[in-house]
Amino acid sequence: MYRTVKATSGRQIFQPLHTLRAAEKELLPGYHPFEWQPALKSVSTSCHVGIIDGLSGWVASVDDSPADTVTRRFRYDVALVSALKDLEEDIMEGLRERGLEDSACTSGFSVMIKESCDGMGDVSEKHGGGPAVPEKAVRFSFTIMSVSIQAEGEDEAITIFRESKPNSEMSCKPLCLMFVDESDHETLTGVLGPVVAERNAMKHSRLILSVGGLSRSFRFHFRGTGYDEKMVREMEGLEASGSTYICTLCDSTRAEASQNMTLHSVTRSHDENLERYELWRTNPHSESAEELRDRVKGVSAKPFMETQPTLDALHCDIGNATEFYKIFQDEIGEVYHKANPSREQRRSWRAALDKQLRKKMKLKPVMRMNGNYARKLMTREAVEAVCELVRSEERQEALRELMGLYIQMKPVWRSTCPAKECPDQLCRYSFNSQRFAELLSTVFKYRYDGKITNYLHKTLAHVPEIVERDGSIGAWASEGNESGNKLFRRFRKMNARQSKTFELEDVL
């Protein structure tokens, strides 16, 4: 958090560097002492480690970008300590509210961590003669979702802190910044390798840290849920998202998913993906490539980092809005009784749709669907605007019903706590999704015959099960990290101290 002072003009001005540096010392990881029991495997015991070169320990690569400018990160355990110390007051407040005796609870704290990782295109500098680095970046960050304590003689763990804004960039702490392309699997895994090693070491150890004047012990549970589908597939060794294996949660193929839209259950897991990769690698039954691929259900690379099989609420919104946009286009052109319209025809329907949305909804056409556009498009007003261009009354009714159902379903995967915030929609979800699927496979059969998009399948088939397991989908989404991306861009373009050695450090 940069502490800025307002000048008389009302603009924010950064403080002089020496005062910032002094303040940073406490705010950045590497300030507080702590220890691990047992000591972490292959991680140094030193606590006072600030920003490190993410490639430290790797041999310098002969590449077009100098290796020391590619990535900066904090050591994972040091960053977690800093984040916990940030929450010190909240943790103490939580203990007091529960009337838990201070000296009684020094052990048994457990901390739930959400991990997010996302790639960003085009992070070029406006001006600056820095070293040549790729123009794409990847950010890995974590959020402390909750801290609970298992009190002596109690069966239930008591939650003493829960992050109220799990999707804000304020609660999302950056851990590692890399100037790499998220599609460059080798570099990505090379840079994140040490992070994964530290994370695995921490699973089997307890952190001893002074909180509220007493040494307390914490265990960490990591859940990688803030990834979009592309990143999940990359981390878990699955084929890319155009694969016939449509889902990162179950083994369904695209054709099966379009036939049976709602009845699937979550079967994939990190361990199973590892086993399948071994089968793929060794081919013990000497099968042909096709048979083997069917046996491993599209796992064809080594799973690299454990992710939690869930669905990313933000990208779910975007994916489904893209799909609705295409349905609107097709309905304007009455594709249901035309075979193979030409490109020109499609283009004219799209122009008509954009013009109507701009006029009625003030929606400017966008190159790539983004969250804000998606939110505005998926409303009753938007459907009414589209219906003005659709001739047949029964098609209008079908569109209205489809959107009505979608609006009923959406809060269930968007809200932080659906059981509290929208219990009725949660109860009706399966019923609504069945009806939604029925509409798609009858009225809109021309689009869903043998094909369906990945997120639409997940929305219809997996939401209730995930909510039942985790209590929420929205809280575990990647939005905090995405908002952080915006800050990253801003800092990189404007506020990084002008010497290149600092630039990555500043943005972290």
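Author: What follows is a discussion of a predicted model.

Reader: Which residues of α7 are buried?

Author: His 270, Asn 273, Arg 276 and Tyr 277 are the buried residues of α7. They cover an arc of only 120° around the axis, so they lie on the same side of α7.

Reader: And what does that side pack against?

Author: The buried residues of α7 pack against α8 (289-296). The face turned away from the buried side carries the exposed residues Asp 271 and Glu 275.

Reader: What span should the 13 residues of α7 have, and how far apart are the end C-alpha atoms?

Author: At 1.5 Å a residue, helix α7 (residues 270-282) should span 18 Å, and its end C-alpha atoms are 19 Å apart, which agrees. Just after α7, Asn 283 takes a positive phi of about 45°.

Reader: How many residues of helix α2 are buried?

Author: In α2 (residues 76-86), 10 of the 11 residues are buried, so the helix is largely enclosed by the rest of the structure. Among them are Asp 77 and Lys 85.

Reader: Let us change topic. How many salt bridges are there?

Author: A search of the whole structure finds 36 salt bridges. In one of them, the side chains of Glu 115 and Arg 199 meet at 2.7 Å, N to O. This pair links distant parts of the chain, with Glu 115 in strand β6 (residues 109-120) and Arg 199 in helix α4 (residues 185-203), 84 residues apart.

Reader: Are Glu 115 and Arg 199 buried or exposed?

Author: Both Glu 115 and Arg 199 are buried.

Reader: What about Glu 229 and Arg 233?

Author: Their side chains meet in a salt bridge at 2.8 Å, N to O. Glu 229 and Arg 233 are four residues apart in helix α5 (residues 229-235), so about one helical turn separates them. Glu 229 is buried at 6% relative accessibility, and Arg 233 is buried at 3%.

Reader: Which residues are linked in a network of salt bridges?

Author: Asp 251, Arg 268, Glu 272 and Arg 276 are linked in such a network. Arg 276 is also one of the buried residues of α7.

Reader: Where does His 264 lie, by the way?

Author: His 264 lies in the loop between α6 (254-259) and α7. Its side chain reaches the backbone oxygen of Asn 260 at 2.7 Å. His 264 counts as buried, at 17% relative accessibility, and touches residues including Cys 250, His 457 and Glu 465.

Reader: Finally, how many disulfides are there?

Author: The count comes to zero disulfides. As for individual cysteines, Cys 172 is buried at 7% relative accessibility, and Cys 316 is buried at 0%.

How values were computed:
Residues are numbered from 1 along each chain as its sequence is written. This is a predicted model: local features need pLDDT of at least 70, side-chain atom pairs count only at pLDDT 80 or more; totals for chains, interfaces and linings use all residues. Side-chain values use heavy atoms; hydrogens and water are left out. Buried means under 20% relative accessible area, exposed over 50%, partly exposed in between (1.4 Å probe, protein chains only). Helices (H or I, at least four residues) and strands (E, at least two) are DSSP runs, numbered from the N terminus. A disulfide is a pair of cysteine sulfur atoms within 2.5 Å. The expected span of a helix is 1.5 Å times one less than its number of residues. The arc is that of the directions from the helix axis to the C-beta atoms. Contact means heavy atoms within 4.5 Å. A polar contact is a pair of N or O atoms within 3.5 Å; within protein, one must be able to donate a hydrogen and the other to accept it, and residues adjacent in sequence count only if both atoms are side-chain atoms. A salt bridge is a side-chain nitrogen of Lys or Arg within 4 Å of a carboxyl oxygen of Asp or Glu. Lists of a residue's contacts leave out its neighbours within four places in sequence.
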